[in-house]
Amino acid sequence: MEVTSITNGIIIDHVDAGMALTVLHYLKVDPATTKLALIMNADSHALGAKDIIKLEDVEDLNLDALGFIAPHATVNIVRGGEIVEKAKPELPQHLVGVITCKNPRCVTTSETGLEQRFHLANAERREYRCDYCDEEAER
Ligand SMILES: [Zn+2]
């Protein structure tokens, strides 16, 4: 399989198998308006199976959610058909406007306009908790 096939954009590799659509959702990528290719359940030496997401003509992407949702992912920046940069997502200290609190009694569910804010509570367990009510984030 070719490494790229896009000219300019982002390739997110080593996404856990079956998670590609969830990743798109969390990254707020709209499949209806974005040139993208998904490869799902590709063979992977490291993971057994993996998903790959190729996004053409996408430069600005908030990748904070990746560390949360796809911790094994590799981000490849492609320019002119070549990978010019590789990065591993980090676990951000704060996730703002990425996930929503599932606690029905949380102030963010009753008050509109409040930003959804989570903080990294335990890096080892990749555990995020709501800034307002301390509810653990669900993936
Ligand atoms: Zn909350």
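## Basis of the model

The model is predicted, and local features need pLDDT of at least 70, side-chain atom pairs count only at pLDDT 80 or more, and totals for chains, interfaces and linings use all residues. Residues are numbered from 1 along each chain as its sequence is written, and side-chain values use heavy atoms, with hydrogens and water left out.

## Overall architecture

The protein has 3 helices and 8 strands. Helices (H or I, at least four residues) and strands (E, at least two) are DSSP runs, numbered from the N terminus. Read from the N terminus, the order of elements is β-α-β-β-α-β-β-β-α-β-β.

The C-alpha trace spans about 50 × 30 × 25 Å along its principal axes. Of the 139 residues, 39% count as buried. Buried means under 20% relative accessible area, exposed means over 50%, and partly exposed lies in between, with a 1.4 Å probe and protein chains only.

## The five-stranded sheet

An open sheet is built from 5 strands in the order E2-E3-E1-E4-E5, and the pairing is antiparallel. Strand E2 (36–44) and strand E5 (82–87) are the edge strands; each has a single partner strand, so one side of each lacks a neighbour in the sheet. From one strand to the next, the twist averages 20 degrees. The axes behind such angles are lines fitted to C-alpha atoms, for helices over the stretch in contact, and angles run from 0 to 180 degrees between N-to-C directions. Two strands pair if DSSP finds at least two bridges between them. In general, strands of a sheet pair through backbone hydrogen bonds, either parallel or antiparallel.

Strand E1 (residues 9–16) is mostly covered, with 6 of its 8 residues buried. E1 is joined to strand E3 (residues 48–56) by 6 bridges, the two running antiparallel, and valine 15 stands opposite aspartate 51 in E3. E1 is also joined to E4 by 5 bridges, again antiparallel; here isoleucine 11 has asparagine 76 of E4 as its bridge partner. Strand E4 (residues 74–79) in turn pairs with E5 in the antiparallel sense over 5 bridges. Within that pairing, isoleucine 77 has glutamate 85 of E5 as its bridge partner.

Ideal angles at a metal are 109.5 degrees for four tetrahedral donors.

Cysteine 106 is buried, with a relative accessible area of 1%. Cysteine 130 also counts as buried, at 1% relative accessibility, whereas cysteine 133 counts as partly exposed because its relative accessibility is 27%. The structure holds 0 disulfides, a disulfide being a pair of cysteine sulfur atoms within 2.5 Å.

## Aromatic pairs

The structure holds 2 aromatic pairs. Tyrosine 26 and phenylalanine 68 form an edge-to-face pair, 6.1 Å centre to centre with 65 degrees between the planes. This pair links distant parts of the chain, 42 residues apart: tyrosine 26 lies in helix H1 (residues 20–26) and phenylalanine 68 in helix H2 (residues 64–69). Phenylalanine 68 and tyrosine 128 form an edge-to-face pair as well, at 5.5 Å centre to centre and 85 degrees between the planes. That pair links helix H2 to strand E8 (residues 127–130), which holds tyrosine 128, and its members are 60 residues apart.

Rings of Phe, Tyr and Trp (its six-membered ring) pair if their centres lie within 6.5 Å; planes under 30 degrees apart count as stacked, over 60 as edge-to-face and the rest as tilted. Ring pairs link Tyr26, Phe68 and Tyr128 into a cluster. Both tyrosine 26 and phenylalanine 68 are buried, phenylalanine 68 at 0% relative accessibility. Tyrosine 128 is buried too, with a relative accessible area of 1%.
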